[in-house]
Amino acid sequence: MASPMDPMDPAESKLFQTDFPPEEFQERWAKIFDAIGPEAHALLQGAPQQGGMEVFRQSNEFYYCCGVEVPHTYLLLDGRSRKTRLFLPHRPEQAAAEGPTLAAEDADLVKRLTGVDSVHPPEALAGHLQQTTVLYTPFRPAEGQMATRGSLLHAERSAASDPWDGRLSREQHLIALLRTRLPKLDVRDLTPTLDTLRSVKSPREVALLRRAGELTALAVTEAMRATRPGMVERELAAIALGLYVRHGARGAGYAPIIASGPNMWHGHYNRNDAVMRDGDIVLMDVAPDYHYYTSDIGRTWPVGGTYAPWQRELYGFMVEYHKTILPLIRPGRTADEIHAEAAAAMAKVVERTKFSKPIYEAAARRALEFKGHLSHPVGMAVHDDGPYRAQPLRPGIVFSVDPQMWVPEEKVYIRCEDTVAVTETGIENLTALAPLALDAVEAAMREGS
């Protein structure tokens, strides 16, 4: 087996990822074996071949467990023997035209690259399942490009409620097949185990998230510099996408949010088709799909280059909140403890601030009560799996810090967001390269002009 320090043959690097060595996947398998116990197996199903012309992208869950980017692939983990078997399709007919890919015929190469114990064609899977009594497989939908668990569950519910559709998800279809073909099989959900594993990132994962965060911050900064009244929101998204692709990303990690003027009221607005006008502010929330990892950011800046007094008042308050939260985050503390301490500190800011309108002061006081300023996990998906709030923070947990304020009377929604990784002593702000302070934002915009 190749050492993680051994360089991969250039031809092989086109067939298999180079970010994780076999040893890291073996560590993940060991944790799955420990979770399912010696009497059970675990089965993961890779993503299907897409009908369009896009380059294949593996599902996050399957990639996390073996790194193989081949459609219709299966990974079987045997809890009794603690052996791992990969089931790969035969070499496709289009390989001559589109280039080589890993196939069942490459068993020795695949074992060396991935660390699996054996490689088989897909028709052999049924025989390996015959002696299985307990099988764990994910019940929840597998994440793909620009997808999160929440968005996929919403799509499932939409299909289920459509009287002319009603199809099962791919995961539920597999479960139904398993129960039909192996009626004595006890099928259980592997999703909670995978979510727990993914909730704490390894150093190699953090390195990918660090690079994704850098590209995110650079893209937002370039968008600030380019912003002019009269531009269409999606032009800023195009700037970000171009930067991502130039620096090795597949594309966007999720639908970009470029919300100017009244569109900012809608937290996940992504039509991006409005003309940006002088006097408005614009919220940008974008990140790349970088080697299967992404990031998250939120910055708000004036379309015309200078914050109006009310914009400086409200956004300045949220930036202050943001800067108050960051140094409070460290291992051993819970999200609720951090929220409470930050809110107590910001209560003093509210008391000494003379707000221009009573509704702004009321909005600031409501922000003190909001418990979501430490927001969602970030990883392979922008809203990653694996909740972190129930227990004290640990090094390797990555999430977004996203203080938010609503002024419903004026349909104003203000926020600023960074992605942070918990370290041994505090945090690393992965998106810190993007200007946050108001004067720094205005200075960046002047650079563009």
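**Helix packing and selected residues in the predicted model**

Helices H12 and H14 run roughly parallel to each other, a label kept for angles under 35 degrees, whereas those over 145 count as roughly antiparallel, 65 to 115 as roughly perpendicular and the rest as oblique. The structure is a predicted model, in which local features need pLDDT of at least 70 and side-chain atom pairs count only at pLDDT 80 or more, while totals for chains, interfaces and linings use all residues. Residues are numbered from 1 along each chain as its sequence is written, and side-chain values rest on heavy atoms, with hydrogens and water left out.

To start with that pair, H12 covers residues 309-325 and H14 residues 358-369, and the two pack at an angle of about 15° with their axes 12 Å apart. Helices here are DSSP runs of H or I with at least four residues, strands are runs of E with at least two, and both are numbered from the N terminus. Axes are lines fitted to C-alpha atoms, for helices over the stretch in contact, and the angles run from 0 to 180 degrees between N-to-C directions. H12 passes H14 in a right-handed crossing; right-handed means that the near helix is turned clockwise from the far one by less than a right angle, and left-handed that it is turned anticlockwise. On the H12 side, the contact (heavy atoms within 4.5 Å) involves Trp310, Glu313, Leu314, Phe317 and Tyr321, and H14 supplies Tyr360, Ala364, Ala367 and Leu368. Sorted by class, that gives eight nonpolar residues, no polar ones and one charged. In this scheme Ala, Val, Leu, Ile, Met, Phe, Trp, Tyr, Cys and Pro are nonpolar, Asp, Glu, Lys and Arg are charged, and the others, Gly among them, are polar.

Ala347 itself sits in helix H13, residues 335-352. With a relative accessible area of 27%, Ala347 is partly exposed, the class between buried (under 20%) and exposed (over 50%), using a 1.4 Å probe and protein chains only.

Next come H10 (residues 203-226) and H11 (residues 233-246), whose axes come within 9 Å and cross at roughly 140°. That angle makes H10 oblique to H11, and the crossing of the two is right-handed. H10 brings Leu215, Thr216, Leu218, Ala219, Glu222, Ala223 and Ala226 to the contact, and H11 brings Leu236, Ile239, Ala240, Leu243 and Tyr244. The contact of H10 with H11 has ten nonpolar residues, one polar and one charged.

H10 also holds Glu205. At 2% relative accessibility, Glu205 counts as buried. A polar atom of the Glu205 side chain lies 2.9 Å from the backbone nitrogen of Ser202. Leaving aside residues up to four places away in sequence, Glu205 touches Phe20, Glu24, Arg28, Tyr64, Val200 and Tyr293.

Arg28 is also part of another helix pair, being one of the H2 residues in contact with H9. The axes of H2 (residues 22-36) and H9 (residues 191-198) come within 11 Å and cross at roughly 135°. H2 is thus oblique to H9, and their crossing is right-handed. Along with Arg28, H2 contributes Lys31, Ile32 and Ala35, and these meet Thr193, Leu194 and Leu197 of H9. The residues of this contact divide into four nonpolar, one polar and two charged. Elsewhere in H2 is Glu23, partly exposed at 26% relative accessibility.

Most residues other than glycine have a negative phi. Arg82, though, has a positive phi near 55°. Arg82 lies in the loop between strand S2 (74-78) and strand S3 (83-87) and is partly exposed, with a relative accessible area of 41%. Asn272 is not a glycine either, and its phi is positive at about 55°. Asn272 is found between strand S8 (257-260) and strand S9 (281-285) and counts as buried, at 5% relative accessibility. Gly51, in the loop between strand S1 (40-45) and helix H3 (60-66), counts as exposed at 83%. Gly51 and Ala344 are 293 residues apart along the chain, and their C-alpha atoms are separated by 54 Å.

Conventions. A polar contact is a pair of N or O atoms within 3.5 Å; within protein, one must be able to donate a hydrogen and the other to accept it, and residues adjacent in sequence count only if both atoms are side-chain atoms.
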